[in-house]
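Reader: I've got a chain open on my screen and would like a close look at one part of it. Could you pick a spot, walk me through its surroundings, and spell out your cut-offs as you go?

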Amino acid sequence: GQWRFVMHGPDGTDYENIITFLEVVAPSRLVYKHGGDKETGAVQFDVVVTFEDEGGKTRLSMRMRFPSNDARDFVIGKYGAFEGLKETMGRLRDHVALQDAFVITRTFDAPLDLVWKAHTEVGHLEKWWGPKGLAMAKATLDLRAGGTFHYGMRAPGGEEMWGRFVYREILPRRRIVWVNSFSDPQGGLARHPASLDWPLEMLIMVTFAETAGRTTLTIRSAPINASEAERRVFKDGYKSMEGGFGGTLDKLDLHLGSAR
């Protein structure tokens, strides 16, 4: 069998791909040939993918065999295949993690450009991000893959709470993925101030879609690098998260109304 697909590059170039399966042994092994429709620049190589169960986790190994060392070096040099494969595995890791995610969706009476800016400019974020009743006291933003949003919030009684994002993917006007955690004034990791069993790190994906001048946000959140106990606490916390995210999105709605 075959899988045909087109990868659309950031410069507008389309890359046609054909996967021809040679061996399918569920759930442990895939073997296939990779090629393209175009005679010029088509990348040809063989791939073996193995899947190994490691106590509830899965080790995936992917081996690519090229016709020659020169062909291998060409793909690495011209297409950045080595870094690209690491990025692909990272996106697979995130995709799998979010299959069992908490999900909340909200549609705003605001254009996509404004809602995007509200998520990507510190002047906007500091006006709405965080639970109701807390005000942003300090915020720094480095908006790039690997960059951070580090912020401190203050309650009416003077208590402080710190948090941080570590960005994994920023696809303009479509998607933002980050690792969310509680933090300290220095930007380190910290436990939930009211629940020591809450997952230390949460993967969050926010997707944006515009229809007739209105923008729909879908937020997916799931624990990563978490123990079984932490995952249970996360599952039991859905109702609390509905209130927390709901309150934050209420603040975003008010901010969008005042920013229009």
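Author: Here's a tour that starts at one residue, follows its contacts, and then moves out to other parts of the chain.

First, some housekeeping: this is a predicted model, so local features need pLDDT of at least 70 and side-chain atom pairs count only at pLDDT 80 or more, while totals for chains, interfaces and linings use all residues. Residues are numbered from 1 along each chain as its sequence is written, and side-chain values use heavy atoms, with hydrogens and water left out.

Our spot is Phe-208, which sits in strand β12, residues 201–211 (helices, H or I with at least four residues, and strands, E with at least two, are DSSP runs numbered from the N terminus). Is Phe-208 buried or exposed? Its relative accessible area is 7%, so Phe-208 is buried (buried means under 20%, exposed over 50%, partly exposed in between, with a 1.4 Å probe and protein chains only).

What does Phe-208 touch, once neighbours within four places in sequence are set aside? On one side of the list are Leu-112, Val-115, Trp-116 and His-119; the list also has Arg-173, Arg-174, Arg-175 and Ile-176, plus Thr-216 and Leu-217 (contact means heavy atoms within 4.5 Å).

Next, the arginines. Arg-173 touches Phe-208 and belongs to the loop between β9 (160–171) and β10 (175–183). Its backbone is worth a look: phi is positive, about 70°, although Arg-173 is not a glycine. With 35% relative accessibility, Arg-173 counts as partly exposed.

Ala-212 has a relative accessible area of 79%, so it is exposed.

Now for the nonpolar packing elsewhere in the chain. The largest nonpolar core has 37 residues, and Trp-129 and Phe-149 have the most contacts inside it (a nonpolar core is a set of buried Ala, Val, Leu, Ile, Met, Phe, Trp, Tyr and Cys residues joined through side-chain atoms within 4.5 Å). Apart from that one lies another core, of nine residues, including Phe-5, Ile-19, Phe-45 and Phe-66. Beyond its neighbours within four places in sequence, Phe-149 is in contact with Trp-129 itself, and with Val-122, Leu-125, Met-136 and Phe-165, among others.

Phe-5 also turns up beside Asn-17: leaving out neighbours within four places, Asn-17 contacts Trp-3, Arg-4, Phe-5, Met-7, His-34, Gly-35 and Gly-36. Asn-17 lies in strand β2, residues 14–25, and at 11% relative accessibility it counts as buried.

The peptide bond from Ala-26 to Pro-27 is cis, with omega near -5°. Pro-27 is in the loop between β2 and β3 (29–35).
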